[in-house]
Each structure stands twice: as C-alpha cells, then as structure tokens.
Amino acid sequence: MNLMYSASGFAVGLLVGITGVGGGSLMTPLLVFLFGFKASVAVGTDLLYAAITKTAGVFVHHGKHRSVDWPIVAWLSLGSLPFAVLTLFAIKHYMDIGKETTGIITYSLGIALILTSCALLIRAVILRKSKALGQLDDDYSNMMNAGRFSPRWQIPITILTGAILGVLVTLSSVGAGALGTVALLFLFPRESTLKIVGTDLAHAIPLTAVAGWGHLMLGNVDLTLLGSLLVGSLPGIWIGSHLSAKIPEHYLRPVLASVLLLIGLKFVTQ
C-alpha cells in the first residue's frame, strides 16, 4: 500500500462527498498529472474503483430511501453495456494491430472533463426548471409520467443516452457521475432529485464494473494502486458526506468546474 495514493484517495473522496461530483472527474486527472500513470491505466483503475465505491451508495439509496427507478436503470443499461463492450473490443483491436491507444483515451478524457465542467455549471439551472414543473412524489413517479418526451420517444432517447455514456465512461472513466445525473435531470424533470441521484448511481455500477473488468483483462488496471485508493477514499467520502450540509457546495462547484475545464482543455490540446 502506498500512503501517497491513499492520501490522494482521501482528498478525492472528501470532495466527492461534499460536492457529489463523480470521482473519475477528479481521480483520473490526478493519477495522470500527479503520479505520472499512463492515461489507460488511470482510466482502468478508476473504473474498478468507481464500481466498488458506488455500490455502497446504492445500498444507502435503495435500502434506506427506496430512491432507485429500476426501469430507467434497465433502459439506460440496454444502451450503455453493449456499447461499453463494443468500445473495449475496439480498444483491444487497436492494441492487437500495434496502434497506441493512449492518445485516443487522453483526448476522450479531455472531452469528458469539459462536458462535466459544463454539466456542473448548468445543473442548478436544470434543477430550478425541474422544480418549476413540479416534481412528483417518489411513490408515484415513473419514467413515463416524469419524462420530458412522449412515451413513443422517451425509451429510445433513454437508450441512446445510455449508449453515449457507455462509450464515454469506458474511454475516460468520466461521465457516470455528474454527466449521468444532469442527463437524467433533463430526461426526467419531474423525478425527485434524490431519485435521480439514486438511479444514476445504480446505473453506474454495472457500467463501471463491465468497463473496469474489460480494462483489467486488457492489462490497464494497477491493483496495488486500486487498494491504496480505496483505503483512503472510503473514509474520505464518509466524512465529506457529513460535511456537505455545513459547507456551501454552490461555492465549490464553480471553482471545481473551472479547474476541470482547464484540465480538460490541457488533455485535448496536448
């Protein structure tokens, strides 16, 4: 176990707990810039890290709050999981023919971070509009009566959203948190925020697990690093979640969005 990795995991976990931003948006750039890991190893390790840490979050949301809309999870997964597998096969194909995949992953990471930065900035606007529409009680809301589109289009658009997230998350490990939440807030404006967060977490687990396992098979996971990050991040998330009520995260979000935008631009232009 490396104490520096654990300390970094604690710091990221603390920020995730306070702001609710996905860990991949913070962890993957940290591993690349601070510790010098290849982008592919940072992405693969972070995906398995996310699958483990998000599992605990779903137990809280579904077990305690009953705030997971499982039909939405199923339709998202119908798009995301096949496209995650296809993306992994594409990466493997490039590796088999001797092509370097680091550039593709680095560029995808930059795009994902820029999109996450934008998502952090517009989240409050979408939330305000959702509340103006009138959010439904969790016991009565479902993907049809809480959805933005007609029943004819709601399911195909949900599957397409899952497919886009599947590709983006597999290539960059970013998108299953902030981007997924904002996408669901847009698609289902009358779902409660608690249910949106729980549903996004539940969808992120199979997606990050499949993508992470695929990267493990491709040799893109550092298991020592993974263990060290978990040792630090789990208590960090727990403490951050308790501090979130005392720290005004609406001040932290713009700062975090600006930092992610700058990092994303650096990945894209390097």
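Reply: On a 1 Å grid over the protein atoms alone, a cavity is a set of points where a 1.4 Å probe fits but cannot get out, while a pocket is an open set with protein on both sides within 12 Å along at least five of seven lines; lining residues have an atom within 4 Å of a point. Points join across faces, edges and corners, and volume is the space filled by probe spheres set on them. This is a predicted model, with local features needing pLDDT of at least 70 and side-chain atom pairs pLDDT 80 or more, while totals for chains, interfaces and linings use all residues. Numbering starts from 1 along each chain as its sequence is written, and side-chain values use heavy atoms, with hydrogens and water left out.

There's one cavity of 30 Å³ or more, and the largest cavity comes out at about 80 Å³. Of its 15 lining residues, Gly-24, Lys-54, Ser-173, Ala-176 and Gly-177 sit nearest the centre. α3 (39-65) and α2 each give at least two lining residues (helices are DSSP runs of H or I, at least four residues, numbered from the N terminus), with α3 giving the largest share, four. By class, that's five nonpolar, eight polar and two charged (Ala, Val, Leu, Ile, Met, Phe, Trp, Tyr, Cys and Pro are nonpolar; Asp, Glu, Lys and Arg charged; the others, Gly among them, polar).

α2 (23-33) turns up again at the second largest pocket, along with α1 (3-19) and α10 (249-269), each supplying at least two lining residues. This pocket holds about 190 Å³. Its lining includes Ser-8 and Leu-15, Ser-25 and Pro-29, and Leu-256 and Ile-263. Here the tally is 10 nonpolar, two polar and no charged residues.

Now the packing around α8 (193-217). α4 (70-96) runs at about 20° to α8, axes 9 Å apart (lines fitted to C-alpha atoms over the stretch in contact, angles 0 to 180 degrees between N-to-C directions), so the two are roughly parallel, meaning under 35 degrees. Leu-76, Leu-81 and Leu-88 are among the α4 residues meeting α8, whose side includes His-203, Pro-206 and Val-210 (contact is heavy atoms within 4.5 Å).

Leu-165, Gly-166, Val-169 and Thr-170 of α6 touch α8 residues including His-203, Leu-207 and His-215. The α6 contact splits into four nonpolar, five polar and no charged.

Conventions:
Angles under 35 degrees count as roughly parallel, over 145 as roughly antiparallel, 65 to 115 as roughly perpendicular and the rest as oblique.
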